[in-house]
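Please look through the structure shown below before reading on.

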Amino acid sequence: MLTGNGSSVTEFVLAGLTDRPELQLPLFYLFLIIYIITVVGNFGLITLIGLNPHLHTPMYYFLFNLSFIDLCYSSVFSPKMLMNFVSEKNSISYEGCMTQLFLFLFFVISECYMLTSMAYDRYVAICNPLLYKVTMSPQVCTMISFAAYGMGFAGSSAHTGCMLRLTFCNANVINHYLCDILPLLQLSCTSTYVNEVVVLIVVGINITVPSFTILISYVFILANILNIKSTQGRSKAFSTCSSHVMAISLFFGSAAFMYLKYSSGSMEQGKISSVFYTNVGPMLNPVIYSLRNKDVKMALRKSLVKFQRKDRF
């Protein structure tokens with residue numbers, strides 16, 4: 001749909017994951033199951049951390065925020081994605097698309113820095129255990145988490161603000177299942193030079209700073225672990241980091257793979273690879289932190305016992 005003078009688009013059409021009709025219903029059920037697991041898993045982890053006082057530590061404070069981000073992040077596009085599998089017209093208004101773009105980028109960038117905060121937390125816990133409570137005080141943890149959300153807000157505002165200055169003419173079909181930067185830039189009928197510079201700067205910062213901080217943190221962590229003489233102590237130190245390393249690898253690995261596919265011009269492969277980044281990651285994070293974490297498993301066991309006792313009486 002175009003405005004009266006035909007100079008700008010007022011709604012977009014999302015091409016979706018695939019245009020093959022026979023796959024629409026199976027994919028609907030697949031992504032519905034993924035979304036349900038994501039919501040139940042992340043909301044369950046948020047509730048578990050909130051209700052168990054012994055989980056009120058810096059590590060679980062950041063995990064609480066990570067689950068909150070994943071829950072919101074997946075809810076930004078999953079309901080619309082599911083609707084598009086079963087509806088004939090996969091349209092989204094211009095305002096709705098820009099809102100989705102802003103929220104999507106806000107939570108993605110925030111997750112980058114929340115994972116970075118968790119890496120710093122593990123660094124302090126393993127390399128400076130005696131100063132851990134002082135260094136990672138509630139005030140410091142709050143400041144770090146607000147900084148993560150602040151970076152998310154700044155990055156998403158920069159990208160969305162630059163997107164709002166573009167004019168979209170006749171082409172309004174977004175070759176994706178959500179409103180993302182690169183598919184939208186392909187539709188612009190005005191110069192995207194400023195947007196490309198902003199993408200280069202903002203994405204560069206949001207990849208370099210977290211990656212460098214995480215890398216340095218784990219170099220010090222690894223060096224410290226290798227200096228631990230007891231096998232039990234070394235094993236315990238490794239186990240406290242393994243879940244976080246898996247979450248980082250999943251998030252940054254899938255994101256890098258997705259954008260490499262886009263940059264090589266393969267939009268179809270980019271869409272498919274983005275599923276791991278946008279859908280699978282938020283679903284697996286609660287599973288990773290639950291199955292590989294003794295404290296979470298113990299808290300879950302205690303909560304279930306309490307619930308069963310209340311149910312009896």
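## Cavities, salt bridges and a helix

The residues that line the largest cavity divide into 5 nonpolar, 3 polar and 2 charged, where Ala, Val, Leu, Ile, Met, Phe, Trp, Tyr, Cys and Pro count as nonpolar, Asp, Glu, Lys and Arg as charged, and the others, Gly among them, as polar. The model is predicted, with local features needing pLDDT of at least 70 and side-chain atom pairs counting only at pLDDT 80 or more, whereas totals for chains, interfaces and linings use all residues. Residues are numbered from 1 along each chain as its sequence is written, and side-chain values use heavy atoms, with hydrogens and water left out.

A cavity here is a set of points, on a 1 Å grid over the protein atoms alone, where a 1.4 Å probe fits but cannot get out, and its lining residues have an atom within 4 Å of a point. The structure holds 4 cavities of 30 Å³ or more, and the largest cavity has a volume of about 70 Å³, a volume being the space filled by probe spheres set on the points, which are joined across faces, edges and corners. Among the residues lining the largest cavity are Met59, Asp121, Arg122, His244 and Tyr289. Helix H2 (58–86), helix H3 (94–127) and helix H8 (231–263) each supply at least two residues of this lining; helices (H or I, at least four residues) and strands (E, at least two) are DSSP runs, numbered from the N terminus.

The structure also holds 3 salt bridges, each a side-chain nitrogen of Lys or Arg within 4 Å of a carboxyl oxygen of Asp or Glu.

| Salt bridge | N to O distance |
|---|---|
| Lys89 and Glu11 | 3.5 Å |
| Arg20 and Glu22 | 2.9 Å |
| Asp121 and Arg122 | 2.9 Å |

Lys89, in the loop between H2 and strand S2 (91–93), and Glu11, in strand S1 (residues 11–14), are 78 residues apart, and their pair links distant parts of the chain. Lys89 is exposed at a relative accessible area of 55%, whereas Glu11 is buried at 16%; buried means under 20% relative accessible area, exposed over 50% and partly exposed in between (1.4 Å probe, protein chains only). Asp121 and Arg122 are both buried.

Helix H5 (residues 138–164) has 27 residues, so at 1.5 Å a residue the helix should span 39 Å, which agrees with its end C-alpha atoms being 38 Å apart; the expected span is 1.5 Å times one less than the number of residues. The buried residues of H5 include Cys141, Gly152 and Met163, and what covers the buried residues of H5 includes H2, H3, helix H6 (181–185) and helix H7 (193–226).

Technical notes. On a 1 Å grid over the protein atoms alone, a cavity is a set of points where a 1.4 Å probe fits but cannot get out, and a pocket is an open set with protein on both sides within 12 Å along at least five of seven lines; lining residues have an atom within 4 Å of a point. Contact means heavy atoms within 4.5 Å.
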